[in-house]
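The exercises below concern one two-chain complex. Try each task against the coordinates before reading its solution.

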Amino acid sequence: MEDLTKIPQFVIKIFGVNLVFNVETIIMSWIVMAALILFGILATRKIDFLPNPFQVVAEFIIGAFYSLTKDALDAKMAKKYFPLICGLFMFLLLSNWLGILPKLSEPTRDLNTTLGFGVLGFFIAHHAGIKAKGFKGYASGYFQPIFFMAPLNVIGELAKVISISFRLYGNILGGSIIILIVSHLIYGLVLPPVLICFFGLFVGSIQAFVFTMLTLVYISVQVK
Amino acid sequence: MTLDVPTTVKLASYVGAGFCIGLGAIGAALGEGFTAGLANQSISSDPRKSGDIIKNMLVGQAIAESAGIFALVIAILLIFLESPGTSLVKAAALVGAGLSMGLGAVGSGIGSGYPGGKACLGISMQPTVSGRLTTNMLIGSAVCQTPAIFSMVIALMLMFLDFGKGAVSPTWAALLGAGICMGFGAIGSGIGSGYPGGEACLGIARQPTASGLLTTNMLIGSAVCQTPAIFSMVIALMLMFLDFGKAPPSPTWAALLGAGISTGLAAIGSGMGGGMAAGASCEGVARNPDTIGQTTTTMLVGQAVSQTPSIFGLLVSLILMFKVYPEATTLAAPMALLGAGLCMGAGGIGPGIGNGMTAQGAVTWVARNIEAAGVLTRTMLVGQAVSQSTAIYAMVVSLVLMFVV
């Protein structure tokens, strides 16, 4: 039970500063990236009127997310932000599914990954807001409804980063803790695989979609 | 009168049994009453179908009853248990088991009543699909029982696993906290997952051709409603299995109890709120099945934001569990930590329900006016951000209590 919250770490000392790398998370993210690049190559290698299976899947994902992005932003901005949204979804989906394979674990089980994406979405949304409304229009948003609400509005924006990243982290880590403890307590062929399917495939897909949609609507709230 | 350890453990098991069936009887009775009330309404609108309706009512009530029966089983086990425990830790674990099962049965009992009652109404509206309605009701109510089953699993673990190895002082709080966390945490998800079940039954009666879509939508909605209960279960499991024996007993006991209270209470509102959004989505899909994609998307975003207070609760619990405390000599430090847990937990209830109401409104109107989906989703988010600010105040105060005081 001691491996409940343990993360393998790799520490390098440079100029008296300890640089800590979470080895497992980094390797797993590389595996996900490699798989995505492979998928991209396979899907676009022979683009044809009669598509190969990879092209069908790619066209389905891209079509669905392009229309979602266009609904939330407008057509011009959708062209700009769509690659981010679609890439984010595919990375998170594959990351959350990775845990169903033996010996592999989800990179999203590490708070650093999800917090990284949360901070990324935060900066992109606020950059988009400043670009769309100008700095004055953007900053005046913080003094709504009255000027002394400004500190609370700032805290509210920061709380969005916490909630979006802890939502994904909590769901994935929670699932893996429940699976670990259940498989420690019972030696069953039925219950652990069912739980792995529920948390890995179902909750993983829902949470990847929710994270992506929230990043998108946070951008959309800032620009409109 | 002196109390030795075995007597205390026995006393604790009696107290736990009392909590267990006393609290556990609340929910099942309320749910069954709701079902029977709607069955009366259905019979009065179509008396010729009374046979079908009464049969459906009894099946629905039987499922709502199962939450109460789980509590009864745990209570009887607690009374007649020959406890292996030889330390006072076992006493806390047994009280925790009773609280976990008793509180956990409340939500599932109430929630299971909704699909039962709405299925009766559906039969009186559309008698030709009564078989399909009963099936959907059974699936919907079975999902409502999930939080009660989580609670029963935690209660059984607390009763039968041996926690005697650790030091008595912080471990008793961890086990009691685990029971409290799971018990409270199951309430919201149990009630919440009843709403989509009920609306899906009513929707199948209104639009029988969409019954497959409605059952799928109900399952997605009610599965996402379980997230707060799953968070509570994770905190309960961490409290049970992590080793807190080396930490100084004095402020740690309060931190662990606070960790349980924080996630447990905060999950109540989030579970109910997520259910409201899911119910509105089932109602909307029944009204206009073509809108299912956009309605489900808005529902998922709305549910995710409704869960934010329970995520704040989870954050406070994790900090309370993993922070390193110096030994405390006065009661000030323990009370600050207990207060932090109570503050975040109780402060999370209202925002969760409020966010759920916002999401319910947005999802309902997306289904009726799909062209406005973009602006409705944005309005929902802005409204939820404001309604959530009270949860943020609670989080700020509990962070101050943990780090400054």
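This is a predicted model: local features need pLDDT of at least 70, side-chain atom pairs count only at pLDDT 80 or more; totals for chains, interfaces and linings use all residues.

**Exercise 1.** Describe helix H13 (residues 332-368) of chain B by its span, its kink and its burial.

Solution. H13(B) has 37 residues, and from first C-alpha to last it reaches 55 Å, close to the expected 54 Å. A kink of about 25° lies at B:Gly348, shortly before the proline B:Pro351. As for burial, 26 of the 37 residues are buried, and H13(B) is thus mostly covered.

**Exercise 2.** What is the radius of gyration of chain B, and what does the globule rule give for 405 residues?

Solution. Begin with the secondary structure: chain B has 15 helices and 0 strands. Its radius of gyration is 22 Å, close to the 22 Å from the globule rule, so chain B is as compact as a globular protein of that length. The C-alpha trace of chain B spans about 65 × 50 × 25 Å along its principal axes. Of the 405 residues, 65% are buried. Among contacts in chain B with a separation of 6 or more, 91% are between residues 24 or more positions apart.

**Exercise 3.** Work out the corresponding description of chain A, from its helices and strands to its burial.

Solution. Chain A has 6 helices and 2 strands, in the sequence order β-β-α-α-α-α-α-α. The principal-axis spans of its C-alpha trace are about 60 × 55 × 40 Å. Buried residues are 33% of the 224 in chain A. Of the chain A contacts between residues at least 6 apart in sequence, 65% join residues at least 24 apart.

**Exercise 4.** Is A:Lys103 buried or exposed?

Solution. Locate the residue first: A:Lys103 lies in the loop between helix H3 (75-98) and helix H4 (111-140) of chain A. Its phi is positive, about 75°, although A:Lys103 is not a glycine. Then count neighbours. A:Lys103 has 4 other C-beta atoms within 10 Å, and a residue with 12 or fewer is exposed, so A:Lys103 is exposed.

**Exercise 5.** Which elements give two or more residues to the side of chain B that touches chain A?

Solution. The interface pairs 30 residues of chain B with 28 residues of chain A. On the chain B side, the elements are H8 (211-225), H9 (227-241), H11 (292-306), H12 (308-322), H14 (373-387) and H15 (389-403). The largest share, 8 residues, comes from H9(B). By type, this side divides into 22 nonpolar, 7 polar and 1 charged. For confidence, the predictor gives the complex an ipTM of 0.80 and a pTM of 0.89.

Definitions and conventions. Residues are numbered from 1 along each chain as its sequence is written. Chains are lettered from A and ligands numbered from 1 in the order in which they are written. Two residues are in contact if their C-beta atoms, placed from the backbone, lie within 7 Å. Helices (H or I, at least four residues) and strands (E, at least two) are DSSP runs, numbered from the N terminus. Ala, Val, Leu, Ile, Met, Phe, Trp, Tyr, Cys and Pro count as nonpolar, Asp, Glu, Lys and Arg as charged, and the others, Gly among them, as polar. The radius of gyration is taken over C-alpha atoms; the globule rule is 2.2 Å times the number of residues to the power 0.38. A residue is buried if 20 or more other C-beta atoms lie within 10 Å of its own, exposed if 12 or fewer, and partly exposed in between; C-beta atoms are placed from the backbone. The expected span of a helix is 1.5 Å times one less than its number of residues. The bend at a residue is the angle between axes fitted to the seven residues ending there and the seven starting there.
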